[in-house]
Amino acid sequence: MGGFCLGRQPILDRNHNLVAFELLFRQEETEETANVTSDLSASANVIVNAYGKFGIHNVLGHQRGFINADPDLIMSDIISLLPSKHIVLEVKESASITPEFLQRCKELKQKGYQFALDNIIAINSKVERLLPLVSVVKVDILALSQDELTKLVSELNRWPVLLLALKVENREQEAHCRLLGFQMFQGYYFAKPEVMSVKRADPGKVSLLKLLALVMRNHDDASDNDNDSSIGEIENEFKRQPGLSYNLLRMVNSGSDGLPQKINSIKHAIKLMGRKQLQRWIQLLLYTSNQSEDSLSNALTQTAVARGKLMELIAAIERPHDKNHQERAFMVGILSLLDELMGIEMQQIVEKLGIPDDISQALLTRHGRLGQALKLIEAKEKGEITSIHSILSELDFLSLNELSNIETQAIGWANRLEETAN
């Protein structure tokens with residue numbers, strides 16, 4: 001494909017002034033609609049492209065952007081990448097409306113995020129549960145007769161929401177909606193979606209995996225107050241990847257609370273974003289890049305990420321106060337499948353990445369404490385019971401029950417990340 005695409009369709013007020021854009025998933029510059037097989041994957045691509053590839057200020061200007069947000073996106077950490085002043089999260093009544101989902105929406109609303117209810121044609125119990133949370137209701141006027149539309153608008157007027165007429169295709173439809181009191185309009189009568197495109201090389205998985213290993217220290221309590229040597233390692237990796245550095249600068253500018261600011265160094269950008277936000281962004285890139293790869297490649301990537309987390313959890317049990325040990329353990333796990341993933345000998349990978357001796361030893365020969373932990377994980381994956389008991393006995397700080405519990409934690413964590421790709 002050679003580039004990245006993003007669709008946007010104008011949203012106008014009653015005076016035909018531009019007030020917002022709906023941001024749409026597009027794979028090709030010439031396509032008017034998209035073949036969406038996964039709502040979460042499509043939304044992740046919209047976010048990555050809008051913020052990282054184009055720059056949100058270039059996409060939206062001073063307007064807001066409406067982004068489709070299915071329950072998986074709402075419940076994920078990805079939302080924290082999106083400054084509340086930029087976007088309106090579109091939810092659908094057909095979504096799984098669980099108490100946890102509603103509570104998450106309430107929390108996001110308290111943080112300043114706005115919600116729109118999309119494609120409404122009638123009020124039912126699910127719609128009634130969502131209406132107190134939303135600021136905008138998008139009504140599919142093509143699906144309704146004039147009488148049905150009039151009745152629906154009358155019912156919606158009981159809530160303090162703005163009404164947006166969706167799929168307006170001619171002057172008569174607009175006039176009828178204006179008469180009913182609609183405040184906003186969207187449809188082919190005003191403008192078809194514009195497809196923006198940019199030619200940009202996607203960051204490779206090797207660089208992204210290494211950045212994850214550098215950035216993603218303890219997932220639960222990582223601090224944004226990194227020392228200079230840690231930031232220096234991350235900065236050096238970005239400097240080796242001009243395309244990734246460009247995307248970082250775009251992302252930081254897009255996330256700033258004010259107007260785009262001048263950022264004169266990669267280190268400055270890393271500090272401004274902070275470790276946790278940088279970690280989430282790299283995870284998102286990892287699972288939205290190279291989606292044409294086969295399922296085996298994606299499965300290996302997911303397993304590597306799960307191994308990293310499990311290695312970290314094992315290290316935390318062995319040395320609960322030694323963050324450096326836990327960081328190195330995570331790195332061993334996440335790098336342990338790179339040879340299979342990239343089709344390169346592990347020796348070459350170790351030399352290329354320039355990693356410490358104990359990590360190299362663990363990856364190449366499974367020796368040392370980190371190597372033993374990795375060997376344990378591999379035995380667990382293969383169901384080799386005798387080896388599992390033998391290694392646990394050698395380690396002498398971990399029970400089989402504890403191993404099973406933290407393995408479940410690690411796999412669940414990796415599965416939540418994998419949802420971004422599927």
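A residue counts as exposed when its relative accessible area is over 50%, and as buried when that value is under 20%. Keep those cut-offs in mind for this predicted model.

Take Asp 396. Its relative accessible area is 66%, so Asp 396 is exposed. You'll find Asp 396 in the loop that links helix H19 (385–395) to helix H20 (400–418).

Asp 396 isn't a glycine, yet its phi is positive. Arg 366 is another non-glycine residue with a positive phi. Here are the two, with where they sit:

| Residue | Phi | Loop between |
|---|---|---|
| Asp 396 | about 60° | helix H19 (385–395) and helix H20 (400–418) |

Now for Asp 118, which belongs to strand E5 (residues 114–120). Is Asp 118 buried or exposed? Its relative accessibility is 6%, so Asp 118 counts as buried. Its side chain makes a polar contact with the side chain of Asn 119, at 3.3 Å. If you skip the neighbours within four places in sequence, Asp 118 touches Glu 90, Val 91, Lys 92, Lys 138 and Leu 166.

Back to helix H17, which has a partner in helix H14 (residues 323–335): their axes come within 10 Å and cross at roughly 35°. The crossing of H14 and H17 is right-handed. On the H14 side, Arg 328, Met 331, Val 332 and Leu 335 take part, and they meet Asp 358, Ile 359, Ala 362 and Leu 363 of H17. Sorted by class, that contact has 6 nonpolar residues and 2 charged ones, with no polar residues.

Key: Residues are numbered from 1 along each chain as its sequence is written. This is a predicted model: local features need pLDDT of at least 70, side-chain atom pairs count only at pLDDT 80 or more; totals for chains, interfaces and linings use all residues. Side-chain values use heavy atoms; hydrogens and water are left out. Helices (H or I, at least four residues) and strands (E, at least two) are DSSP runs, numbered from the N terminus. Buried means under 20% relative accessible area, exposed over 50%, partly exposed in between (1.4 Å probe, protein chains only). A polar contact is a pair of N or O atoms within 3.5 Å; within protein, one must be able to donate a hydrogen and the other to accept it, and residues adjacent in sequence count only if both atoms are side-chain atoms. Contact means heavy atoms within 4.5 Å. Axes are lines fitted to C-alpha atoms, for helices over the stretch in contact, and angles run from 0 to 180 degrees between N-to-C directions. A crossing is left-handed if the near helix is turned anticlockwise from the far one by less than a right angle, and right-handed if clockwise. Ala, Val, Leu, Ile, Met, Phe, Trp, Tyr, Cys and Pro count as nonpolar, Asp, Glu, Lys and Arg as charged, and the others, Gly among them, as polar.
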